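This report describes one protein model, going from the overall fold to single residues. Please keep the sequence and the structure at hand while reading.

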Amino acid sequence: MQKILSFLWGRGLHQSWGIVMLSAGILIGMVLGLIFKINYFGAWWWLILVVFVFVLMYFWPKFLTVGLCLIAGMVLAFCRITTVLSSDAEVNLGVDNSTEELVMGARNWLAERIEDELPEREAKLGMSYLLGMKTELDKELSENLRMVGLTHIVVASGAHLSILVEIARKIFGKISRFAGLLFSILFILFFMCMVGWTPSIMRAGVMAILTLFSWYVGRKIAAWRLILMVAAFTLMLNPLFLISLGWLLSFASYMGIMMLGPGLLRFFYGGKKPGFIASTVLTTIAATLMTLPITLYYFGQVSIISVVANLLILPTLSYAMGLVFLTGIFAGVPVISACVGFLAEKLLDFHILVVGWFSSMEQFLIRVDPYNPKVFLLYLVLVPFLVRVIWKKMKYGIMKA
């Protein structure tokens with residue numbers, strides 16, 4: 001099985017420029033389709049595509065090998081956009097009713113037990129960490145999280161899945177490599193079902209599963225390739241993800257962590273390995289820079305001390321999730337429930353205190369007019385750097401398997 005996966009992943013997907021160009025075509029097609037409301041069945045679009053292909057083939061014969069995949073991706077995107085725009089029905093990404101009832105029953109059972117053991121505010125925050133129940137937070141805490149740039153910790157995303165995957169690999173990876181892969185994927189799928197098929201969890205789940213498969217076959221997949229493929233896949237599921245704040249922030253933060261972050265680490269430390277604090281700070285800065293224009297556009301403000309708040313909370317996020325989960329499992333059990341609940345409550349109190357304290361420092365807030373498209377000009381500073389990183393790694397083969 002490993003040889004089959006290695007062959008399919010290594011030659012059929014990872015090293016295939018056809019897949020990369022197909023994904024790029026889908027992204028381009030989705031953007032154009034939503035902006036210009038393109039109708040796939042309009043005959044004049046076929047004429048433009050045919051002329052475009054022949055012109056590029058004349059000046060660049062190699063385009064034939066990858067250009068057709070680009071065109072195919074755009075056609076697929078136009079077709080999908082046409083289907084969505086011509087239908088009033090919402091795109092259904094859910095599971096069948098029986099499975100959904102089972103998962104929701106387990107979710108509600110766990111949530112009720114957590115609420116019985118913890119004070120209301122701490123219980124709501126803990127369930128937001130564990131189950132992505134952000135809407136249950138009180139208005140003040142939700143606003144404080146937004147002001148200090150910590151909204152992502154109460155939205156089920158890649159950070160939560162990374163914790164679950166790490167737990168599964170440590171426990172079941174001791175049995176075999178395949179067991180670590182299998183139970184990691186099962187944990188991911190179960191968590192996605194419990195949280196719901198939100199744009200951010202879709203991105204994180206698909207990306208985590210692809211990364212696990214590459215780990216299983218002993219290969220590495222380039223971050224930029226992974227971003228392209230997952231973005232194309234999720235948009236084909238639901239093109240309206242393209243205008244979803246959660247989807248945009250999810251991809252922007254991942255791009256900052258995986259592409260901008262390593263560049264910052266090399267700039268400041270060269271070939272040396274930075275410590276935990278330095279690594280966390282620079283990675284947080286990278287994610288903040290990539291999401292800054294989006295945050296300013298939608299919210300009109302961002303805190304310049306969010307890095308410090310992230311540094312205080314993120315290292316203990318996995319412990320908070322684990323303690324909240326154990327609180328729900330052992331609720332009602334003498335002694336154990338009291339001990340676990342006490343630790344969970346104190347850790348959550350610490351998080352609430354940190355968020356409240358940093359949010360009160362309004363002098364560190366950067367404010368602009370919301371929904372001002374000029375804020376996206378900030379990407380002009382970052383895009384050349386990202387292009388240079390991608391080109392350098394492609395040139396020297398660092399990203400090749």
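What share of the contacts in the protein chain with a separation of 6 or more comes from residues 24 or more positions apart? In this predicted model, such residues account for 75% of those contacts.

**Overall make-up**

The protein chain holds 16 helices and two strands. Of its 401 residues, 46% are buried. The chain exposes about 21100 Å², and carbon and sulfur atoms supply 69% of that area.

**Nonpolar cores**

The largest nonpolar core has 53 residues, among which Leu161 and Ile188 touch the most other members. Setting aside neighbours within four places in sequence, Leu161 is in contact with Ile188 itself, and also with Phe191, Ile201, Ala204, Gly205 and Ala208. A second, separate core contains 31 residues, including Leu141, Met321, Val324 and Met361.

Helix H2 covers residues 17-36 and has 20 residues; from its first C-alpha to its last it reaches 28 Å, close to the 28 Å expected at 1.5 Å a residue. Its buried residues include Gly18, Gly25, Gly29 and Gly33, along with Val20, Met21, Ile26, Leu27, Met30 and Leu34.

Helix H15 covers residues 336-359, so at 1.5 Å a residue its 24 residues should span 34 Å; the end C-alpha atoms are 35 Å apart, which agrees. Among the buried residues of H15 are Val340, Ala344, Leu347, Leu348, His351, Val355 and Ser359. An α-helix has 3.6 residues a turn, so residues three or four places apart point the same way.

| Residue | Partner in polar contact | Distance |
|---|---|---|
| Asn144 side chain | Ser359 side chain | 3.2 Å |
| Lys124 side chain | Glu115 side chain | 2.9 Å |

Thr291 lies in helix H13, residues 276-299. Its relative accessible area is 13%, under the 20% limit, so Thr291 counts as buried. Beyond its neighbours within four places in sequence, Thr291 is in contact with Leu249, Ala252 and Ser253.

Asn144 belongs to helix H7, residues 139-147. Asn144 is also buried, with a relative accessible area of 13%. Not counting residues up to four places away in sequence, Asn144 touches Val355, Gly356 and Ser359. Val355 and Ser359 are themselves buried residues of H15.

Lys124 lies in helix H6, residues 120-131. At 14% relative accessibility, Lys124 counts as buried because the value is under 20%. Lys124 is in contact with Glu115, Glu136 and Leu137, leaving aside its neighbours within four places in sequence. Lys124 and Glu136 are twelve residues apart in sequence, and their C-alpha atoms are 6.0 Å apart in space.

Notes:
Residues are numbered from 1 along each chain as its sequence is written. This is a predicted model: local features need pLDDT of at least 70, side-chain atom pairs count only at pLDDT 80 or more; totals for chains, interfaces and linings use all residues. Side-chain values use heavy atoms; hydrogens and water are left out. Helices (H or I, at least four residues) and strands (E, at least two) are DSSP runs, numbered from the N terminus. The expected span of a helix is 1.5 Å times one less than its number of residues. Buried means under 20% relative accessible area, exposed over 50%, partly exposed in between (1.4 Å probe, protein chains only). Contact means heavy atoms within 4.5 Å. Accessible areas come from the Shrake-Rupley method with a 1.4 Å probe; for residues, only the protein chains shown count as cover. A nonpolar core is a set of buried Ala, Val, Leu, Ile, Met, Phe, Trp, Tyr and Cys residues joined through side-chain atoms within 4.5 Å. A polar contact is a pair of N or O atoms within 3.5 Å; within protein, one must be able to donate a hydrogen and the other to accept it, and residues adjacent in sequence count only if both atoms are side-chain atoms.
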